[in-house]
Amino acid sequence: MDITDIKNESSKATQEELFSRILNIKKEDFFIRANLHTHSKFSDGKEDFDSLIQQAKSLGLQHFSVCDHNTVEGYKNSKYIKSPILIPGVEFDCFFSTSLIHILGYGIDFMSPEIDKICTKNKNETKLDIIRLFHSRHPKDVIETIHKAGGIAVLAHPCCCSVLCLDSLVKRLKTFGLDGIEVYYPYNRHRGIIKFHSRKKPFELAEKYNLLKTGGTDEHGALKVSKYS
């Protein structure tokens, strides 16, 4: 077994551990003990990266992730990187099938050269929607890269995907290697306005295609605890 095989085996083990960890998070835990989708000042959030982790710990969260747009710089600079509640994450902008979609990567090696290649080097591409739209990626490439970096790939806020048939989109993403779908999501702010599908649809598709169910508040400010409903 060469070094590549060893790395592949290690990544597979890490992915399986993370899959099991998220699988064991119950629906009633989301937003109270688990929040896997937040943003810091490293993208379009208002809070410092480490402040979010401190807030998460103070609120009693057991599973927490900061998923900044197209960057993992927060993780590279954090003093809380070894916190047991933390699951490294990132949110990549992708364009596919007439829709701007977001792919979340969890459990990634944020120092991975593969991840670095698809992360932006332009600060505006972490903040401004219109600039991010014109610098989007193909989901197949993103999903493959997330897997190479030892992570799992999840479709974010699926009800906001502007496609006629969400089932067809998810089915196609599954062929690319999609691992999960964000089913626990509040759909507030602008996400409540640009919602094209019912909130029950992601649950149905997760069951149909055997996808991991994840969730988060997509908080861009200070953290709050509220039961998912």
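Biologist: Hi! Which residue follows helix α8, and is its phi positive or negative?

Modeller: Hello! That residue is Asn210, and its phi is positive, near 55°. Please keep in mind that this is a predicted model.

Biologist: Got it. Which residues of α8 itself are buried?

Modeller: α8 covers residues 201-208, and its buried residues are Pro202, Leu205 and Ala206. Looking down the axis of α8, you find these buried residues within an arc of 105°, so they line one face of the helix. An α-helix has 3.6 residues a turn, so residues three or four places apart point the same way.

Biologist: And which residues are exposed on the other side of α8?

Modeller: Glu207 and Lys208 are exposed there.

Biologist: Can we zoom out for a second? How many helices and strands are there in the protein?

Modeller: The protein has eight helices and seven strands. Of its 229 residues, 53% are buried. If you take contacts between residues at least 6 apart in sequence, 75% of them join residues at least 24 apart.

Biologist: Nice. Now strand β4: is it mostly covered or mostly open?

Modeller: Mostly covered. β4 spans residues 99-106, and seven of its eight residues are buried.

Biologist: Which strands does β4 pair with?

Modeller: Let's take its partners in turn. Strand β3 (residues 89-96) runs antiparallel to β4, and eight bridges join the pair. Strand β5 (residues 152-155) is also antiparallel to β4, with four bridges between them.

Biologist: How many residues sit between β3 and β4?

Modeller: Two residues, and the strands form a hairpin. Ser97 is in that turn and has a positive phi of about 55°.

Biologist: Let's go back into β4. Why does His102 count as buried?

Modeller: His102 is in strand β4. His102 counts as buried because its relative accessible area is 3%, and buried means under 20%.

Biologist: Which side chains make polar contacts with the His102 side chain?

Modeller: One of them is Glu91, at 2.9 Å. The side chain of Asp93 also makes a polar contact with that of His102, again at 2.9 Å. Here's a handy rule about strands: in a regular strand the side chains alternate between the two faces of the sheet.

Biologist: Changing topic: where is Pro88, and why is it called buried?

Modeller: Pro88 is in the loop between α3 and β3. Pro88 is called buried because its relative accessible area is 17%, and the cut-off is under 20%.

Biologist: What does Pro88 touch?

Modeller: Not counting residues up to four places away in sequence, Pro88 touches several residues, including Ser65, Tyr75, Tyr106 and Phe110. The C-alpha atoms of Pro88 and Phe110 are separated by 7.4 Å, and these residues are 22 apart along the chain.

Biologist: One more residue, Glu47. Where is it?

Modeller: Glu47 is in the loop between β1 (34-38) and α2 (49-58).

Biologist: Which side chain of opposite charge is nearest to Glu47?

Modeller: That is Lys41, 7.3 Å away. Glu47 is buried yet has no salt bridge. Its side chain does have a polar contact of 2.9 Å with the side chain of Gln55. Leaving aside its neighbours within four places in sequence, Glu47 is in contact with residues including Ser40, Leu52, His220 and Ala222.

Biologist: Last one: what follows α2?

Modeller: Gly60 follows α2, and its phi is positive, near 85°.

How values were computed:
Residues numbered from 1 in each chain as written. Predicted model: local features only at pLDDT ≥ 70, side-chain atom pairs only at ≥ 80, totals over all residues. Heavy atoms only, no water. Buried < 20%, exposed > 50% of the residue type's maximum accessible area, 1.4 Å probe, protein only. Pairing = 2+ DSSP bridges. Arc of directions from axis to C-beta. Lys, Arg positive; Asp, Glu negative; His and termini not counted. Salt bridge = Lys/Arg side-chain N within 4 Å of Asp/Glu carboxyl O. Polar contact = N/O pair within 3.5 Å; in protein donor to acceptor, adjacent residues only side chain to side chain. Contact = heavy atoms within 4.5 Å.
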